[in-house]
Amino acid sequence: MVDTRVTLNSTVLDNPIIPASGTFGYGWEFAELYDINCLGSFSFKGTTKEPRFGNQTPRIAECPGGMLNAVGLQNPGVEKVISEQLPKLRKCFSKKVIANVSGFCVEDYAYTCNKLDSQPQVGWFEVNISCPNVHGGGMSFGTSAESAFEVTKAVKAVTTKPVYMKLSPNVTDIVNIAKACEEAGADGISLINTLTGMRISLKNRKPIIANTTGGYSGDAIFPVALRCVYQVYEAVNLPIIGMGGISSAEDVIEMMLAGATAVQIGAANLINPFICKEIIEQLPQTMQKYNINSLTEIIGGAH
């Protein structure tokens, strides 16, 4: 009998499969399709201090091996998440959830995390300093070690739960930024957010996405994500949640060998809403195929 359990900051997950923020709503939407308690956890939709309508449409464009999105952090704001979304979630999900938080200044991040810290359903924070689709915030905090340090320190000062910093691959040296987060007190690192890309319409000769650029996700970015996880694992002494192009049980194992303790599945949810459930069901057989008795034993096994 194989053991799919992993431990994330002293919390044991039944398996390492976590739907990624922005691809799973606030959970209850997918609970209409299957029992989401089979998941290790999930990262809910990126939440900000104030409500956000998001970017103008069109927000989505197809790409080889994936897709572009520029939704722009559309969400009802932290107050409504606490009063409306989390009560709905409580009815269908009995495990701890990851609260994904974004902001437009350091104070925004601290305010939103502090508000959510008192919610018993929240087990971890995932602080998004890597969103490429908003102006005046998001990725601007994750492109330098100094600003990443500042946000991490501010959030850690007002929270009691583990804080994961979600980093961007759109930088020269992701390792230095991860080190700065560790120095500021981060409890883990999430790798990676989307790559910045664009498409142009041949008919009207203009960018397809109203925002001009968007975040590129899907199968094609898996090698980039794997490289980032591998490099950061060697540089910091923190657990890593790996994500980017994962769509099979084999991908999960490969990402864990690179150094991930758990994984997030994003774009694949938009293609097949049952993908996380299917991967969880396939994991034991895939582990047996590669003579793996326990997933915990393979974390960082490629180093």
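Which residues of the largest nonpolar core touch the most other members? In this predicted model, in which residues are numbered from 1 along each chain as its sequence is written, they are Ile36, Val127 and Leu167, in a core of 92 residues. A nonpolar core is here a set of buried Ala, Val, Leu, Ile, Met, Phe, Trp, Tyr and Cys residues joined through side-chain atoms within 4.5 Å, and buried means under 20% relative accessible area, exposed over 50%, and partly exposed in between, with a 1.4 Å probe and protein chains only. Local features need pLDDT of at least 70 and side-chain atom pairs count only at pLDDT 80 or more, while totals for chains, interfaces and linings use all residues; side-chain values use heavy atoms, with hydrogens and water left out. Leaving aside neighbours within four places in sequence, Leu167 is in contact (heavy atoms within 4.5 Å) with residues including Ile129, Ile174, Ile177, Cys181, Ile189 and Leu191.

An open sheet of seven strands has the order E3-E13-E12-E9-E8-E7-E6, and its pairing is parallel. Strands and helices are DSSP runs numbered from the N terminus (E, at least two residues, for strands; H or I, at least four residues, for helices), and two strands pair if DSSP finds at least two bridges between them. Strand E3 (17–19) and strand E6 (97–101) stand at the edges, each with a single partner strand, so one side of each has no neighbour in the sheet. Direction ignored, neighbouring strands of this sheet are turned by 25 degrees against each other on average; the axes are lines fitted to C-alpha atoms, for helices over the stretch in contact, and angles run from 0 to 180 degrees between N-to-C directions. Helix H9 (residues 275–289) packs on the sheet and touches E3 and E13, with a direction that makes about 175 degrees with that of E3.

Within this sheet, strand E8 (residues 163–166) is covered on both faces, Val163 and Met165 being buried on one side and Tyr164 and Lys166 on the other. Strand E7 (residues 122–128) pairs with E8 in the parallel sense over four bridges, and Glu126 stands opposite Tyr164 in E8. E8 is also joined to E9 by three bridges, the two strands running parallel, and here Lys166 stands opposite Ser190 in E9. Together with helix H5 (residues 174–183), E8 and E9 make a right-handed β-α-β unit; a crossover is right-handed if, with the strands pointing away from the viewer, the path from the first strand over the helix to the second runs clockwise. Elsewhere in the sheet, strand E12 (residues 240–243) and strand E13 (residues 262–265) run parallel and are joined by three bridges, with Ala262 in E13 as the bridge partner of Ile241.

Helix H7 (residues 249–258) is largely enclosed by the rest of the structure, because seven of its 10 residues are buried. These buried residues are Ala249, Asp251, Val252, Ile253, Met255, Met256 and Ala258, and what covers them includes E1, E3, helix H6 (222–235), E12, E13 and H9. Just after H7, Gly259 takes a positive phi of about 140 degrees.

A further open sheet consists of four strands in the order E4-E5-E11-E10, with antiparallel pairing. Its edges are strand E4 (60–63) and strand E10 (195–197), each of which has a single partner strand, so one side of each is left without a neighbour in the sheet. From one strand to the next the twist averages 35 degrees. Strand E5 (residues 66–69) and strand E11 (residues 214–217) pair in the antiparallel sense over three bridges, and Asn69 stands opposite Gly215 in E11.

Several backbone features lie in loops. Most residues other than glycine have a negative phi, and most peptide bonds are trans. A cis peptide bond, with omega about 0 degrees, joins Thr57 and Pro58, and Pro58 is found in the loop between helix H1 (28–31) and E4. The peptide bond from Leu191 to Ile192 is also cis, with omega near 5 degrees, and Ile192 lies in the loop between strand E9 (188–191) and E10. Ser10, in the loop between strand E1 (6–8) and strand E2 (11–13), has a positive phi near 75 degrees and is exposed, with a relative accessible area of 70%. Arg205, in the loop between E10 and E11, has a positive phi of about 60 degrees and counts as exposed at 74% relative accessibility.
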